[in-house]
Amino acid sequence: RLLTTQNIRSLLGKSENQHGLTMPNRLLAIGDISCDLGGSLEFITKSTTLDNMFEIYDAESDKSSTEFSSDGVLYMSIDNLPAQLPREATDFFGDQLFSFVPELAQADWKQSFSDLNISPSVKNALITYDHQLTDDYKYITDLRTAGHGST
């Protein structure tokens with residue numbers, strides 16, 4: 001789970017800054033491209049649609065609203081969004097990725113990450129390797145746990 005309902009309450013609440021002033025936290029919007037209801041973003045319990053793409057989640061009342069004057073965080077969680085991408089975008093993405101296929105197919109994935117002989121473009125794009133975050137992405141663990149009580 002990336003963000004629990006308790007986390008969102010904390011992020012939408014107020015906190016004291018270094019000068020002792022109470023300031024609102026600034027989470028404004030979030031997009032859930034997985035549309036995993038109640039999953040990675042626990043507070044999202046229903047999909048938005050192409051006709052009604054956004055809702056506001058109010059952590060205090062634990063309810064969503066289509067009224068943009070509502071308090072809370074704007075969110076989008078369209079379950080069929082990937083199917084809405086234009087064909088040209090899909091073709092362009094595939095064309096860009098295709099040049100890396102031979103390198104990926106020939107790599108020795110049993111080697112340690114540091115010994116992996118692949119181009120920097122591919123290596124730097126790997127977020128995880130052998131079930132662990134790579135060094136460039138270890139900060140994600142700190143973000144998830146720092147002050148938010150995430151599991």
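Start with the hairpin: strand 4 and strand 5 form it, with four residues between them, and Asp 62 in the turn has a positive phi of about 60°. Strands, and helices too, are DSSP runs here, numbered from the N terminus: a strand is E over at least two residues, a helix is H or I over at least four. Before going further, this is a predicted model, so local features need pLDDT of at least 70, side-chain atom pairs count only at pLDDT 80 or more, and totals for chains, interfaces and linings use all residues. Residues are numbered from 1 along each chain as its sequence is written, and side-chain values use heavy atoms, with hydrogens and water left out.

Strand 4 covers residues 55-58 and strand 5 covers 63-65, and Asp 62 sits in the loop between them. The two strands run antiparallel and are joined by three bridges; strands count as paired if DSSP finds at least two bridges between them. Within this pairing, Ile 56 stands opposite Ser 65 of strand 5.

Is Asp 62 buried or exposed, or something in between? Asp 62 is partly exposed, because its relative accessible area is 44%. The cut-offs are these: buried is under 20% relative accessible area, exposed is over 50%, and partly exposed is in between, using a 1.4 Å probe and protein chains only.

There is another aspartate with a positive phi. Asp 130 has a phi of about 50° although it is not a glycine. Asp 130 is in the loop between strand 7 (128-129) and strand 8 (132-133). With 59% relative accessibility, Asp 130 counts as exposed.

Now the neighbours of strand 6. Strand 4 is joined to strand 6 by three bridges, and these two run antiparallel. Tyr 57 stands opposite Val 73 in strand 6. Strand 3, residues 29-31, also pairs with strand 6 over three bridges, but in the parallel sense. There, Ala 29 has Leu 74 of strand 6 as its bridge partner.

Why does Ser 77 count as buried? Because its relative accessibility is 0%. What does Ser 77 touch, setting aside residues up to four places away in sequence? Its contacts are Asp 32, Cys 35, Ile 44, Ser 47, Thr 48 and Met 53, where contact means heavy atoms within 4.5 Å.

On to charges. The structure holds two salt bridges, meaning a side-chain nitrogen of Lys or Arg within 4 Å of a carboxyl oxygen of Asp or Glu. One joins the side chains of Lys 46 and Glu 55, at 3.3 Å from N to O. Glu 55 counts as buried, at 6% relative accessibility, whereas Lys 46 is partly exposed at 41%. The side chains of Lys 138 and Asp 135 also meet in a salt bridge, at 3.8 Å from N to O. In that pair, Lys 138 is partly exposed at 43% and Asp 135 is exposed at 60%.

A word on the surface. Leu 50, Met 53, Phe 54 and Phe 68 form a nonpolar patch there, with about 360 Å² of accessible area together. For such a patch, residues need over 30% relative accessible area and no salt bridge, and nonpolar side chains (Val, Leu, Ile, Met, Phe, Trp, Tyr) are joined within 5 Å. Phe 68, in the loop between strand 5 and strand 6, is exposed, with a relative accessible area of 55%.

Finally, the chain as a whole. The protein chain has five helices and eight strands. Their order along the sequence is α-β-β-β-β-β-β-α-α-α-β-β-α. Of its 151 residues, 21% count as buried. The protein chain exposes about 10800 Å², and carbon and sulfur atoms supply 54% of that, with areas from the Shrake-Rupley method and a 1.4 Å probe.

Definitions and conventions. Patch = residues over 30% accessible without salt bridge, like charges linked within 9 Å, V, L, I, M, F, W, Y side chains within 5 Å.
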